[in-house]
Amino acid sequence: MVKVKICANRNIEDAKMSLDASADIIGILVGQEHNSVDFVDKYKAKEINDFVDGRCDVSLVTHLTNADEIIELTKFIGNNVIQLHSDIAEDEVEKIATILPNVKLVRLIHISQDGEIVTDYKKMKYADFYLLDSFNLKTNQVGGTGLTHDWHKSNELIKVLNKPTFLAGGLNPDNVAEAIKISEPYGVDVNSGCKNEKGVKDAEKVKQFVYNAKNI
C-alpha cells in the first residue's frame with residue numbers, strides 16, 4: 001500500500017487531522033531559506049512531535065544546508081526523518097548520516113512541469129528515500145507550489161532510482177489516485193492540495209487524500 005505524507009503541519013490541530021486520517025508521515029517545516037508560509041519555529045515543531053508521540057513518523061523538512069544546525073534541530077525536536085529540501089553539500093549530508101544513523105534521510109529531486117529532471121541526483125551518496133517535487137522559479141518556491149509535473153516522466157525516473165521514492169507536486173484528493181496509477185511511487189506527499197481557501201489544512205481534504213491514495 002502506498003505511503004502517505006501530509007506535509008506542512010503548523011500546529012497540533014493539523015497533526016491531529018493527519019493522524020485521524022491515518023497518514024504514515026507528517027512533515028514539519030523548520031529552517032527557511034526559500035519562500036513559504038508554512039514554516040514554524042523549533043519549539044512549535046517539538047510540541048507537534050511530542051503530541052504525535054510515535055503514532056506515525058515525523059519528518060523535519062528543512063532548507064538548511066549546515067549539518068550542525070540540522071543535527072541540533074533534530075535532537076531538539078525528536079523527529080525520526082529528515083527531508084533535505086535544499087542543495088546541500090554531500091559532505092554535510094554525510095555528517096548527518098554519521099551522527100544520526102537511525103534517522104532516515106529523504107533527498108529532493110526537482111522536476112520541471114514538462115518533466116525535465118533539474119537535480120543531479122546521481123551525486124547523492126546518502127539517501128534512504130527520494131522525493132520528486134515540482135518547483136516554481138517565479139515565486140522562489142522549492143515545494144508547496146501547487147504545480148504538477150509529467151507523471152509519466154516521474155514513472156520513468158522512479159523505475160531507475162535505487163531507493164523508495166515519494167511523488168509530490170500539485171497533488172490533491174481529486175488527482176492523487178491517477179498520479180499513483182501513472183507514476184507508481186512508493187509514497188505520495190501533499191501540502192497545498194489539502195488546504196482550504198484560507199490557506200490552512202482542511203480535515204476533510206486530508207481524510208479524502210489519504211483514503212484515495214490508499215484505496216486505488
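**Reading a predicted model, feature by feature**

Guide: Start with one pair of residues. The side chains of D38 and K195 are joined by a polar contact of 2.9 Å. Keep in mind that this model is predicted.

Visitor: Where is D38 placed?

Guide: D38 lies in the loop between β2 and α2.

Visitor: Is D38 buried or exposed?

Guide: Use the cut-off: buried means under 20% relative accessible area. D38 has a relative accessible area of 4%, so D38 is buried.

Visitor: Which residues is D38 in contact with, leaving aside its neighbours within four places in sequence?

Guide: They are A8, R10, L29, N191 and K195.

Visitor: Now the nonpolar cores. What is the general idea?

Guide: In soluble globular proteins, nonpolar side chains tend to be buried together.

Visitor: How many residues has the largest nonpolar core here?

Guide: It has 28 residues. I6, I109, L132, V188 and F209 have the most contacts inside it. Elements that give two or more residues to this core include β1 (3–6), β5 (104–111) and α7 (203–214). The largest share, four residues, comes from α7.

Visitor: Which residues does F209 touch, leaving aside its neighbours within four places in sequence?

Guide: F209 is in contact with V4, I6, L171, N172, P173, V176, V188, V190 and C194. There is also a second, separate core of 26 residues, and I28, C56, I77 and L84 are among them.

Visitor: Which residues of α7 are buried, and what do they pack against?

Guide: V206, F209, V210, N212, A213 and K214 are the buried ones. They pack against β1, α1, α6 and β8.

Visitor: What happens at the start of α7?

Guide: There, a side-chain oxygen of D202 comes to within 3.0 Å of the backbone nitrogen of E204.

Visitor: Last, backbone angles. Which residues have a positive phi although they are not glycines?

Guide: Two cases to look at are S22, with a phi of about 70°, and D53, with a phi of about 55°. S22 is in the loop between α1 (12–20) and β2 (25–29). D53 is in the loop between α2 (42–52) and β3 (57–62).

Visitor: How exposed are S22 and D53?

Guide: Exposed means over 50%. D53 has a relative accessible area of 64%, so D53 is exposed. S22, at 47% relative accessibility, counts as partly exposed.

Definitions and conventions:
Residues numbered from 1 in each chain as written. Predicted model: local features only at pLDDT ≥ 70, side-chain atom pairs only at ≥ 80, totals over all residues. Heavy atoms only, no water. Core = buried A, V, L, I, M, F, W, Y, C linked by side-chain atoms within 4.5 Å. Buried < 20%, exposed > 50% of the residue type's maximum accessible area, 1.4 Å probe, protein only. Contact = heavy atoms within 4.5 Å. Polar contact = N/O pair within 3.5 Å; in protein donor to acceptor, adjacent residues only side chain to side chain.
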